[in-house]
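Welcome, and thanks for taking a look at this structure.

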Amino acid sequence: MANTDSQTELLRFGPVGKPTLTYKEQVTPHKISLLILIYEYCELKKKQNQPFIFGQSTLVPEERISENEKRDFMTLILKLLQSPDLSLKDLLDQTQHILKPKIFDEFMDRLKEFYEEDVLPLMDFFQELHRMLTEPITPEMPVISGSSVLGLFFRRMILVFDSLSFSQVTTLYNQFRRYYEEVNAPPQIDESENFGGSLMDSITKETERLTCSALGRESSHLGLGQTKSESGGYFSHKQAEYFISRQGFLLQHNEKEAMSPKELQTQISNMLRSNPALAEAHFLSYMNNLRVKEYCNALHNLFHCFDRNTNFTDDIITNKTVEEDVSRRYASLNLAGLHFRFGHKEEALAALQEAIRMAQETNDHVCLQHALSWLHRIEDSGNARTASLIARSVEKSEELALPNITSLSVQALAKHNAFSTARPSSVIEYMLKSDILNCQHSQPHFMCVSYAQKAALWHMYGKRESSSMCSQLVLNLDTSEGGIYHNGESVCLALCNLARIFADDGNYLLALEVINNAKQRFPRQTQHAHLWMTYEQEIVFDRSMISHRDELASQALTGLQALDEDEYSLRSGIFKKEKGDVSASLATLTKLRERVQTNSHKFSPEFPCRVMLALADLYIQTGNHISATPQILECITKAKEHYLDYMHSLAAVYLAFVQLLMQLPEKALELLDQHMVTILSHGNCLDRARTMYCYARCSVAAGSKLNETDRKSSLLLAVNLMISVIELFKKLEAHMRVKDAVYYLARLYHELGYTSERNKCAYEFNQLDSQYPTHSQVSVLRL
């Protein structure tokens, strides 16, 4: 991303191993415009504050400055002082709607005067500025206080301007002419009418020629080189520091409000031209490259950032300062984080070990805690060593009063216990400790992370309402800091979780609205955009599979392949099964299950259960329900081990369906009675409908051995259940399942002797069958 000029500038060092330093302040045409703005405002305010004297003209009401206008003007000036140099057109666009017409007209007249009357008015103007700092409005108060923000700005500009030679002032004036002509193009003048020109013009042209050659070096280090139209906006040292601080904060808390990656990199390149020794600019470039996963440039900028804080001469190396040691330690830490971000585990561990070694040599406990928090994240999760590392990190961070590391370590420990066999109550208790810590130290960012993790944990345990509530809490927290609301990964996850809950209930329009909101908050160039992209493809795939729109499902599957390999493999097996390619589906799901068993620490406990149920579903639909039983039983065992109540209940429904196929409806009913409440309370529309459908079939099958009265009662119960099932399937747009349910309802009405209701169902079945014919036998024997 970094352009050639900035990369060349990175390698330009001075005589003592440091990049060549430049002056922190320079007079530029943009700063002259700001001085004029402030001057004209003060002049108008000065007239307004003068006491009334009979016979003297007073300001008309339209020219008086109200308190709101004072506030707006001061806010605008502060923003312009902190921003890089702008073109005159951009400056006018930002100021015209705020300035009083009187001030704006005087401002434009002053610019025109400088442009038309050469250097002398400019020099007189700076003398006038010096007078403003000393001449009081009243005996007690000067026009501008020398210690105020504007006073300091005036004094710096006056000091720098007074230090310029005449040739440098002429160069500055020529820059001002080009700056002014970008908006006010000069009229075309025939040279024959002004042959030779005036003496001043000749001197100006000759001086400009000399400046571009022999005096160029002297002017360039004072910033009297190219203007914004030629090389980009100029950054003073203070402006650069503010810009880096602001953009770095936005990248961490609300990436949408920050500049786009391309625009930000352009500004960083301009900043490095003005301040080549500014190491923080390279770190901001490093963060910018991480946004777009640009490994080479991120590594390049990280190295040069910490090189700027290191001296290279032999004399200095033998007497290393504490600051340089700290810089090296945290350089290794950042390098470890960079490699971890790109999946380079061995390189990340090597860099982390180096940081730990240097921190131990200097007894830097804070750096060691940062390294320890990275260590338990980089190493394999799920083992005893990782749990021990996390526990040590929590204990030591509390001793050192590091609430941010403590909070993250407690959350990491809760996640580790949840993926192990800890009880949910103990896991949520750890999360509660993290919430208390975040509230005590006012850490809204970590509060969002905590609630997002709790939403994920509740989803894993199968409590949809609790998961939804935690996601909504993330979106309703007051996370404003400096007027900027936190808009990070946890917010994106909360939105995606709500979208998935809406989609599971058949509210596809609401789900897509939430996804669209996530798109607005996290545009495609942001680093968390892949989250809503993944969820969007999953929602589209599930909806297309339920409604048997194979083309849309295939497109969603292709999009998912580039975002989440594991979800792609699972849904690819399901897609092949629905299309009737049983052997390919079996191969895909079997390979996925082997990969999950080999790398079990990389997956949440819920994912292997989903793979087993997908395999069981494949066996059931191919008529091999006996082979499905081991998959279901293994799923139940794992779900019980990790307290996955909902997954346990869903696997029990599959087992009941297998028992129904094995002519054991009574056993199936007993099993469904135990788990039906869990499914109806926390399940999505599809699982609730399938469970009630299975219960209705089991009830009818078991009622065949009862007397006439009890049998009719079981049939009526099944009819009521099937009506609810059809409504749920219609809500999900599951037309093939609606057709199956309508057919079964017609059979029930036939058994009860309800001829008119049976005929209505038969007619509806014929209509659905003509629109959605059954092409595969696999879809007949499904749950």
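Predicted model: local features only at pLDDT ≥ 70, side-chain atom pairs only at ≥ 80, totals over all residues.

The chain holds 38 helices and zero strands, and 49% of its 783 residues are buried.

**The chain as a whole**

- Looking at contacts in the chain with a separation of 6 or more, 67% are between residues 24 or more positions apart.

**Helix α5 and its partner α4**

- Helix α4 covers residues 88-95, and its axis comes within 12 Å of the axis of α5, with a crossing of roughly 165°.
- Angles over 145 degrees count as roughly antiparallel, so α4 and α5 are roughly antiparallel to each other.
- The crossing of this pair, α4 and α5, is right-handed.
- On the α4 side, Leu-88, Leu-91 and Leu-92 take part, and they meet Phe-104, Phe-107, Met-108 and Leu-111 of α5.
- Sorted by class, this contact of α4 with α5 has seven nonpolar residues, with no polar and no charged ones.

**Helix α5 and its partner α8**

- Helix α5 (residues 101-116) also has a crossing with helix α8 (residues 166-181), where the axes come within 9 Å at an angle of roughly 130°.
- That angle makes α5 and α8 oblique to each other.
- The crossing of α5 and α8 is left-handed.
- From α5, the residues Leu-111, Lys-112, Phe-114 and Tyr-115 meet Tyr-173, Phe-176, Arg-177, Tyr-180 and Glu-181 of α8.
- By class, the contact of α5 with α8 has six nonpolar and three charged residues, but no polar ones.

**Helices α25 and α27**

- Helix α25 spans residues 489-504 and helix α27 spans residues 529-546; their axes come within 9 Å and cross at roughly 10°.
- Since angles under 35 degrees count as roughly parallel, α25 and α27 are therefore roughly parallel to each other.
- The contact involves Glu-489, Cys-492, Leu-493, Cys-496, Asn-497, Ala-499, Arg-500 and Ala-503 from α25, together with Leu-531, Trp-532, Tyr-535 and Ile-539 from α27.
- The classes in the contact of α25 with α27 are nine nonpolar, one polar and two charged residues.

**Helix α36**

- Helix α36 runs over residues 708-731, which is 24 residues.
- From first C-alpha to last, α36 reaches 35 Å, close to the 34 Å expected at 1.5 Å a residue.
- Its buried residues are Ser-714, Leu-715, Ala-718, Val-719, Leu-721, Met-722, Val-725, Ile-726, Leu-728 and Phe-729.
- These buried residues of α36 pack against α35 (685-703) and α37 (735-752).

**A look at Asn-404**

- You can find Asn-404 in helix α21, which covers residues 403-419.
- With a relative accessibility of 30%, Asn-404 counts as partly exposed.
- Leaving aside neighbours within four places in sequence, Asn-404 is in contact with Gln-443 and Phe-446.
- Asn-404 and Ser-434 lie 30 residues apart in sequence, while their C-alpha atoms are 9.8 Å apart in space.

Definitions and conventions
Residues numbered from 1 in each chain as written. Heavy atoms only, no water. Axes fitted to C-alpha atoms, helices over the stretch in contact; angles between N-to-C directions. Helix = DSSP H or I, 4+ residues; strand = E, 2+ residues; numbered from the N terminus. Parallel < 35°, antiparallel > 145°, perpendicular 65-115°, else oblique. Left-handed = near helix turned anticlockwise from the far one by under 90°. Contact = heavy atoms within 4.5 Å. Nonpolar A, V, L, I, M, F, W, Y, C, P; charged D, E, K, R; others polar. Expected span 1.5 Å × (residues − 1). Buried < 20%, exposed > 50% of the residue type's maximum accessible area, 1.4 Å probe, protein only.
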